[in-house]
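Please find below a short note for a colleague who is meeting this structure for the first time. The points are numbered and can be read beside the structure itself.

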Amino acid sequence: ADELLFWAEKKDNNTKIYLISSIRDFLLKYGNGKVKKALEKNEYSLLNQILSSKESLKQNLEDKTLTLKPYESKNDDDKNQIEIRSNEFKEIKDYKPFTKITVPSPKSYQIVIPSEYIDKFIDKILERYNNEFKYVYGKLPIHIGIVVSNYKKPVYINLKALRKIRRDVKDTDKLFITKDVKEFCILQKKKLSRATLEEKINKTESYYSLYLNNPNNQEYNFYIKPHSTWKKWISTIHKFPTNSNVEIIPNTFDFEFMDTNTRRNDIFYDKEKNYKRALEIKSNRPYEIEKYWEKFKKFKEIFKNKTASSKLHKLIHLLYEKAQNFNKNYASLLATAFINTLELNKVKEMREEIASIFDIGPNIEDIKDFHKQLKEKLKNKENIKLFIDMFEFWHTALKEV
């Protein structure tokens with residue numbers, strides 16, 4: 001139970017050893033007295049001084065033998081084991097915790113990372129997208145597909161699941177959704193606030209951020225595709241009427257937890273339903289990133305305290321049960337279950353956070369009014385599946401709540 005996990009590879013006369021377990025656990029086992037004492041007392045400023053460089057890290061390791069053997073091996077005399085003394089380390093380096101599966105291409109890029117970094121990984125992708133592709137938001141979308149698996153699972157199963165969750169779309173017309181112009185403007189302005197001085201001077205938005213079906217028949221009128229139905233008026237969003245809609249292809253993310261090998265069969269997209277998941281309980285997926293990712297992160301913040309775990313499990317069990325044979329008349333019961341199980345009448349902060357997930361407001365001070373608004377939201381089965389999916393993502397897949 002106290003063994004550390006490494007990944008070792010030998011090339012020519014060199015052996016590279018990658019630490020998989022935490023650096024803290026490694027130092028508690030192989031650090032010298034000074035290091036262990038600083039760790040045990042949580043004196044991180046002192047620890048930073050001791051380990052100010054990779055060379056000082058080498059100097060503060062105890063002279064011990066590091067014995068590496070295959071994970072499955074239970075025999076201490078395994079012939080495949082590797083032994084190396086800590087004073088024989090030639091060099092210590094940082095490494096980025098990911099490995100490429102495919103060569104990057106404009107169409108697809110697949111990597112393997114530890115599951116604990118997934119939320120930060122998504123944030124980094126969005127940051128890069130918003131910096132580099134802000135002017136084509138809604139026209140050149142990104143889709144993030146996540147497959148979470150125990151590392152003991154066969155690699156080929158995960159690769160097959162990754163290929164399916166990539167969501168190859170032949171008829172991209174099915175991906176268009178209609179979005180309120182005012183809602184779209186709010187999202188677009190956040191992205192365009194990242195514009196560089198050069199982009200502003202060159203009026204980049206006027207040339208790249210043109211959207212379909214301006215009802216005022218403004219700016220450019222021509223065929224997007226060689227078909228009569230694709231002769232469109234396109235313009236910047238500022239020239240759309242404020243009470244109109246705009247057609248966009250949203251950025252999306254999807255996920256699947258591979259608890260069994262056959263779970264990959266759940267990843268099937270129905271082109272007749274805008275390439276949403278075919279399996280009914282998962283038919284919310286994939287989710288629009290700009291609309292739902294912050295809600296997903298809010299869920300984690302609410303329930304990361306494990307003391308509320310049993311209450312959450314009880315609520316999720318009820319939601320699953322009612323979602324299987326859904327009836328709008330369940331809404332009042334489910335709203336009451338939310339309030340009583342999570343004690344939302346007592347914990348105002350949690351009530352506010354639950355309200356933000358379901359877009360409830362503005363008046364939630366009165367618990368009766370909150371119940372009324374929550375009941376209306378839970379008449380929509382999609383909101384129930386959203387809450388279940390948040391639980392599946394953070395608890396079942398990532399073990400974060």
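Is Lys179 buried or exposed?

1. In this predicted model, Lys179 is buried, with a relative accessible area of 5%. Its side chain forms a salt bridge with Glu183, where the closest N and O atoms are 3.1 Å apart, and Glu183 counts as partly exposed because its relative accessibility is 33%.

2. The search of the whole structure finds 32 salt bridges, and one of them joins Arg85 to Asp63, with the closest N and O atoms 3.2 Å apart. Arg85 lies in strand β4 (residues 82-85) and Asp63 in the loop between α4 (54-59) and β3 (65-68), so this pair ties together parts that are 22 residues apart in sequence. Arg85 is partly exposed at 32%, and Asp63 is partly exposed at 45%.

3. Asp359 and Lys295 also meet in a salt bridge, at 2.8 Å from N to O. This pair links distant parts of the chain, 64 residues apart, with Asp359 in the loop between α13 (348-357) and α14 (367-377) and Lys295 in helix α10. Lys295 counts as buried, at 10% relative accessibility.

4. Helix α10 (residues 289-303) and helix α15 (residues 381-397) have axes that come within 10 Å and cross at roughly 65°, which means that α10 is roughly perpendicular to α15. The crossing of these two helices, α10 and α15, is right-handed.

5. Trp7 is found in strand β1 (residues 6-11), and Trp7 counts as partly exposed at 46% relative accessibility.

How values were computed
Residues are numbered from 1 along each chain as its sequence is written. This is a predicted model: local features need pLDDT of at least 70, side-chain atom pairs count only at pLDDT 80 or more; totals for chains, interfaces and linings use all residues. Side-chain values use heavy atoms; hydrogens and water are left out. Helices (H or I, at least four residues) and strands (E, at least two) are DSSP runs, numbered from the N terminus. Buried means under 20% relative accessible area, exposed over 50%, partly exposed in between (1.4 Å probe, protein chains only). Axes are lines fitted to C-alpha atoms, for helices over the stretch in contact, and angles run from 0 to 180 degrees between N-to-C directions. Angles under 35 degrees count as roughly parallel, over 145 as roughly antiparallel, 65 to 115 as roughly perpendicular and the rest as oblique. A crossing is left-handed if the near helix is turned anticlockwise from the far one by less than a right angle, and right-handed if clockwise. A salt bridge is a side-chain nitrogen of Lys or Arg within 4 Å of a carboxyl oxygen of Asp or Glu.
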